[in-house]
Amino acid sequence: MAGGGNRNFNFKAVLLGEGCVGKTSLVLRYVENKFNDKHLTTLQASFLTKKLNIGGKRVNLSIWDTAGQERFHALGPIYYRDSNGAILVYDITDEDSFQKVKSWVKELKKMLGNDICLCIAGNKIDLEKDRHVTVAEAEAYAASVGAKHFHTSAKLSKGIEEMFLELAKNMIEKADSDTATRPGTGKNNRKSVVVVDDSTPSRQAGGGGCCGGGGSS
Amino acid sequence: MAAKKPTKLHIEASELLCKNGCGFYGNQLWQGYCSLCYREECQRAKVAQQEQDSKKMMKKQAEDADKASLFSKFAEKKTQHINKRAHTLKSMFKKTPTKESVPEPRAKRQVNKETQQIKADLMDYLKQFKRPTAEDFVKIVQELVDKLYQNADAPVEDLTDLVQDFYIKLGKRMDSHSLYKDLSSEDIDTLLDYAEKYITVKMYTSLFCPATCDDEQKDLQMQTQIRSLHWVTGQQLDTMINEHETEVRTLVDQAITEIIEVNSKKAPQDKLSCIVRCSKHIFEIIRQSKEGPACADDFLPALIYTVLKANPPLLQSNIQFITRFSCPSRLMKGEAGYIFTNLCCAVQFIENITHESLALTQHEFDRYMSGEAIPPQSGNEYMCEGLRLMYDNLKTLAELRQRQEKVMAEALQLQQEMKDFKENFKQEVQNVLIRMPLTIKPRKMKVNLDDDSESLDLLPSPLLPLTVDNVGMDTRNTRVRLFH
């Protein structure tokens, strides 16, 4: 997927997290550097792109927002297939949202293995006094699953730039090591993508059952 | 816009049904029959043709026999030969897919026209490149088309592999081959687009909803599922679409029109742009109902709502077609890919919808699904335009009346206040008057000191001059005297 060989990288990163944890604010702060601003140039904040230049490597980062409502949880696999990275957002004042992050991580690991770079964002650190998820717990968990943990605040514009930059760097590393270990994987990768695309509909055809999890396991 | 829509939809719907009237959906490619009826129809035509052929042969045989029984041996041989030929012809018919075997002249010409148009565009575009480059490109594309023709009968997975392999090969070739080294990346993207467009439009009949897969079955299931979910309201999906606002209504109609349009386009990229245009309208709807840009939490429910209201024809087939034959780069990146993914999500959600996903009880859900009951909020969206307009106007009138009443009340209050003010003012003045009564004091008379008056008598008698021998004293006395 890092199409075009060494010319530039196209990465897809999905934003996962419960509703109201501030996914949209986070990405808007990153891409537009605005918070709760009524004069936004974008009509939507669900799909945004950002061009980066990291050490001379050009990166096109597409950020895919996902619907966070519980009723759409089963649709996750459709969203995050073929992603290079995932940002899992929780609200530090909301313990449930952190539990939700854990379940997302479990699912991502199951579906995509180690092919995906993970970042966990503890958002709303401007509300430190209402913190319900301890720093130690969150960081220990992130380390245990091989994810980077960041403390962010879209309101104060803290930690966001760093997080996306780190994620992009990780994704470049991953892409580089993939091409190094398996030269000419581009083709295979794409082919596998096609297969995945095909399998989804047949999963749909099965009907009844819940989508991703059951189908591919 | 809204008024036009029903007629447009009506035509589409009637077009969609199988000509045989079996209730299934037909397809233009199959002469307006559904796949089953079309197969039967073809079978019948084939049988008729064979019968005719054999009749002719029999006749010929008989004639031959009549002509010269001497040649009977030869005739027999000939018949055998003809039969053999007929046999091979028959097997050929069997081998090729039915829709290829009985070419429908009108439909074919139509396809050709469209293909020709793309071909002409492509040729125009290729003119800017060097001849060998253009020739190489055309050769590669043509190779795939030939391959697809040869494998037209193969299962759709094989066709998908063929096409996807082709995209990868073409992409790689254009990336690395010396013929293409002068091309900018935009040129390469455009060429890939053209390749995709040409192939899919040219081979549309064998690539879209092929007989080898069960897409049609899925289309029907989806259609039925959406129809039985007609009662789902925006509130149940947590969307803020307020269909009573004329502006929103228009946007919803536009979005619905776009998503229905998908089926009339042939190339995956054109289908995708319909979907993108549809979502643009949805984003606009969301923007009107809330502050700030739309996020996925708002977008997906709104898209689901639109799909439910639109019930787009052959939705599954179209999604499958795009997934199978679209350039992979398009589906992986870019807004179109994102929106298409959301559409897939919406379709899956609708397929697997349960009472929980609509926050209803199982009992309620079953009742609504079976048509026993209708949720209280729903129904309004099915009102005719005039009735809806009337309700809108009534609402506006009620609002106006309320405002008028408010104005009246305020005017009355103002009047009262003015009255009160007047009273209060009067009262206050009165109070002040009471508190400080007007007492007219006698005017002070100017007193002429030199005048004789009684009061003067009260004054002590003037001091008598004292005679002092002192000179100094004398002056003082003089002054005193003067004073008098």
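Two strands are said to pair if DSSP finds at least two bridges between them. Helices (H or I, at least four residues) and strands (E, at least two) are themselves DSSP runs, numbered from the N terminus. The structure described here is a predicted model, in which local features need pLDDT of at least 70 and side-chain atom pairs count only at pLDDT 80 or more, while totals for chains, interfaces and linings use all residues. Residues are numbered from 1 along each chain as its sequence is written, and chains are lettered from A and ligands numbered from 1 in the order in which they are written.

Strand β2(A) and strand β3 (residues 57-65) of chain A run antiparallel and are joined by eight bridges. Within this pair, Thr49(A) lies opposite Ser62(A) of β3(A). Two residues separate β2(A) from β3(A) in the hairpin, and Gly55(A) in the turn has a positive phi of about 55 degrees. In general, strands of a sheet pair through backbone hydrogen bonds, either parallel or antiparallel.

Six strands of chain A make an open sheet with mixed pairing, in the order β2-β3-β1-β4-β5-β6. Because β2 (47-54) and β6 of chain A stand at the edges with a single partner strand each, one side of each has no neighbour in the sheet. On average, neighbouring strands of the sheet are turned by 25 degrees against each other, direction ignored. For such angles, axes are lines fitted to C-alpha atoms, for helices over the stretch in contact, and angles run from 0 to 180 degrees between N-to-C directions.

From β5(A), the chain passes through helix α4 (residues 135-144) of chain A to β6(A) in a right-handed β-α-β crossover. A crossover is right-handed if, with the strands pointing away from the viewer, the path from the first strand over the helix to the second runs clockwise. Two of the bridge partners in β6(A) are Phe150(A), which faces Ala121(A), and His151(A), which faces Gly122(A). Helix α3 (residues 95-112) of chain A lies across β1 (8-16), β4 (85-91) and β5 of chain A, at about 160 degrees to β4(A).

How many helices and strands does each chain have? Chain A has seven helices and six strands, whereas chain B has 20 helices and zero strands. Along the sequence, chain A follows the pattern β-α-β-β-α-β-α-β-α-β-α-α-α.

The next topic is burial. A residue is buried if 20 or more other C-beta atoms lie within 10 Å of its own, exposed if 12 or fewer, and partly exposed in between, with C-beta atoms placed from the backbone. Buried residues form 46% of the 217 residues in chain A and 28% of the 484 residues of chain B.

A nonpolar core is a set of buried Ala, Val, Leu, Ile, Met, Phe, Trp, Tyr and Cys residues joined through C-beta atoms within 7 Å. The largest such core has 129 residues, of which Ala86(A), Leu88(A), Leu118(A) and Ile259(B) touch the most other members. At least three residues of this core come from each of domain 2 (113-207) and domain 3 (214-370) of chain B, where the bounds come from an automatic or database domain assignment. Another core, of five residues, lies apart from it and includes Tyr25(B), Trp30(B), Tyr33(B) and Tyr38(B). In soluble globular proteins, nonpolar side chains tend to be buried together.

Two residues are in contact if their C-beta atoms, placed from the backbone, lie within 7 Å. Beyond its neighbours within four places in sequence, Leu88(A) has contacts that include Leu16(A), Val101(A), Trp104(A), Leu118(A) and Ile120(A).

Most residues other than glycine have a negative phi. Cys20(A), although not a glycine, has a positive phi of about 70 degrees. Cys20(A) sits in the loop between β1 and α1 (23-32) of chain A, and counts as partly exposed because it has 13 C-beta neighbours inside 10 Å. Asn311(B), likewise not a glycine, has a positive phi of about 45 degrees. The loop between α13 (296-310) and α14 (315-325) of chain B holds Asn311(B), which counts as buried because it has 21 C-beta neighbours inside 10 Å.
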